[in-house]
Amino acid sequence: MKHTVDFKECLKDSPKFRASLEDAENDIEALESRLDKLVKQCTAMIEAGKMFSNASSGFVVGVRDLANYFNDDTLVSDNAKVSTSLSRFAHAMSEMLKYFNILMDQAHRSICKNLNNFIRIDIKKVKETKKLFEKISDDMDAAYIRNSQAPKSKPQECEEANNTLTAMRSCFAHTSLDYVFQVNVLNSKKRFDILDTMLSFMHAQNTFFHQGHDLFRDLETTYMKDIAGQVEELSSKAKIERKEMEERHTLVQQKDLSTSSLLQGDGNLLQTEGYLFKRNSNAFKNYVRRWFCIQDSQLVYRKRTKDTLTVMEDDLRLCTIRQPVDSDRRFCFEVLSPTRSHILQADSDEECQLWVSALNASISHAYKETMHSQEVENKRSSTSSKESSQSDMLPAEPKQSKAKIRMEQLLTIPGNSHCCDCGANEPRWASINLGITLCIECSGIHRGFGVHLSKVRSITLDTWEPEHLKVMLEIGNDVVNRIYEAEVDETIAARATPDCNRTVRESWIRAKYFQRAFIKKLPGVNKSNVLRKWSVRKKTRRSSSQSFLKTSRSGGELKDSAWSRNRVVSEDLSSELLEAVLSVSNATLMEKRSFKNNAREEQASGDVAGIVFGDDPPLFVAGLNKSLDLESSDESLHEYDDEASINVGVDGDDFTTSWEDMSKLDPNLLLYKASAARNLPVMLEALANSADPNWVNLEEDGKTPIMKAVQTGSLAACEFLLLNNAKLDRKDKNGKTALHHATILGHTGQVCQFLKRRADQNAKDNQGQTPLDIAVANANADIVTLLRLAKLNDEMKESDGYLGNPGDETFQDVFRDFTNMASNNPEKLKRK
């Protein structure tokens, strides 16, 4: 279509000129519309290209991740091949994306930018010239009208109109020529400009496809053919593997599904693992199925889904395995630790027995490994000590561990070198509330009955409080067997031996301690009136420097024949702890004598026979007092001569408690009196006869045995009662707890002892006083410090919530220091 305007017709301003000009203008409008549409389409293509590029980039990243997936398993060569191929493909696609991005950039620069410039510059310039042409054309028409309307009578006005018309003609001619020039130039420029733009874009397309062709030609000739061979090889391997798996599936179908699902590494019980039902500790006691395994002397489990391992028991050495007594499910067994009990259920009786055997084997293996490591360490320390002593030419003793010192101390007590129940040599376990040493087999039986009956600790593996060691040193196996095996009847239960099976051992221990079948009952009123009174021998604290027997006193020498006889008997008994408790079977008849004016004069009332529980010389064990005193407290008891033991009064004295009528002899009062005498063997005998550790003596202001033990200042007596379920929250008729009494008496060691047992320091007596109020009034700085620190520790735990800090380290350190000071250096706690 020809849209060129003739310049000659332009000067004439003929209708032909106006028609051709209108056609040219319409053509320009159509061109502008099409160019604008093309630019928008190109922009949309570029945006779509960007989206394609982003999606392709994501696809390339996915291919690389897939390559990394196969690359993780480097042990399989086929996976490595797949990983390499996928990485190469991802690289090729990434290069193609780079070429594509270059193509989109070229489309933007060549099409969008150039065509936008053509529209905004060239076409816009023509439109602006058109506006000026139309204005001048209107002005010329107005000049024609004005000139035609000029009257003849006014020559001057006619001349002015003519001049104006002439000027407008000249201006219109120049403007119309310029406008026609712009239209004709635009018509000629649009052809080569648009074509050049598209040619540039086609060159970019050509480059893009050439680069892609070169890239894939190289990839095809050097790699893709090899990969095709690998694909065929992998496909053949997959078919072979599938055939093998189908054969294995047939074997699984032929397998008896009722067989055990337990897995044991190479038949090793120590690597047993498999599914068990675990009873939850919530209120519903429901069972959940978990995967259990034994590893590193620990019993751990996890869920079937991916989950972290949960440690059920972190030290199997402290656990025992038994059949549960309160479970109505089949194939169950119980794992007992010193603090918890776990009920587990297997799928069959065979699995249950295998798990029990595996756990027992793990316990024995862990214990043997510990003993072996200790022996190696001892040999190593001994060797290093010898080498150092040889180098220094001075004799040196190897430094012993606390556990070894504790074991030597405990095994020195008469009877403790053998298990209290079966007699096995070298026991390594102890029941701290009974005061006995045990072998590992018997300790497992004790632990199975629960911590409320027997609190089992390892002598070498567990951490011991000083008070626990005090209790153990006060009793011993011989004393306990004297009480619990007073009247053995093997028709009830056969005596346990080191080689007996678990059933015999459990029956013997159950009958001995928990049925108390062999205990001799306390005597009643003697019909022949031989025994009318009873009392308890007070245990006294003796310093290590004090001699066993003094031969003189300030009032003169005692050479009484009766004392000489008692002295001989006492010396004979001092070598045996069997006489530490005087049971009914060996009760000593005592003569009651009164002393007036420091002279022994027999009263006219005559002799009254009585029984003294625990009437024996104090026990001395060689070497013990060098490392740990048998009894230490804030208020040290008086140190007595054994000669004075014959000085027995009706109302009691420094050596016995007050005499009581035989009609009042019952286990509760015996425990109460023995606590006042801090005589642990007699306290044990009372508990063996079913005494209540929280019994209230209404005749003495409603006090309990632990309150009487507080008055003696004995840490061991208080700890023994606490270990045997004595309560610290009981109050006497004045509203005072044991902590009140310890604070009033200034017994810092016992205050520390009770606060460690979480005694209520906020309890108020009938006068509204707390222990802290009493300590402040008495100006006892140590007790005030302990009470305030314990209160601060409780407040910190409450502020942290139930998931917060279990306790302040400063609190624990201070109480540990006070505990050691009360046990080993009580004289330091006498300050106020």
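Predicted model: local features only at pLDDT ≥ 70, side-chain atom pairs only at ≥ 80, totals over all residues.

Me: How many bridges join β2 to strand β8, residues 341-345?
Reply: Residues are numbered from 1 along each chain as its sequence is written, and side-chain values use heavy atoms, leaving out hydrogens and water. Strands here are DSSP E runs of at least two residues, helices are H or I runs of at least four, both numbered from the N terminus, and two strands pair if DSSP finds at least two bridges between them. β2 and β8 run antiparallel, and the number of bridges joining them is two.

Me: Which residue of β8 is the bridge partner of F277?
Reply: β8 covers residues 341-345. The bridge partner of F277 there is Q345.

Me: In the open sheet of three strands, which are the edge strands?
Reply: The order is β15-β12-β16, with mixed pairing. An edge strand pairs on one side only, and that describes β15 (610-613) and β16 (660-661).

Me: Which helix packs on that sheet?
Reply: Within the sheet, β12 (residues 533-536) runs parallel to β15 through four bridges, with S535 opposite V612. The packing helix touches β12, β15 and β16, and its direction makes about 45° with that of β12. Contact means heavy atoms within 4.5 Å, and the helix, residues 667-676, is α12.

Me: Are α14 and α15 roughly parallel or antiparallel to each other?
Reply: Axes are lines fitted to C-alpha atoms, for helices over the stretch in contact, with angles from 0 to 180 degrees between N-to-C directions. Those of α14 (residues 705-712) and α15 (residues 715-723) come within 8 Å and cross at roughly 160°. Angles under 35 degrees count as roughly parallel, over 145 as roughly antiparallel, 65 to 115 as roughly perpendicular and the rest as oblique. The pair is therefore roughly antiparallel.

Me: Which residues of α15 do P705, I706, A709 and V710 meet?
Reply: Those four residues belong to α14. Their partners in α15 are A717, C718, L721 and L722.

Me: How far apart are the end C-alpha atoms of residues 701-733?
Reply: An unreviewed UniProt entry lists this span under "repeat: ANK", an annotation that may be inferred rather than shown by experiment. The span is 52% helix and 0% strand, and its end C-alpha atoms are separated by 5 Å.
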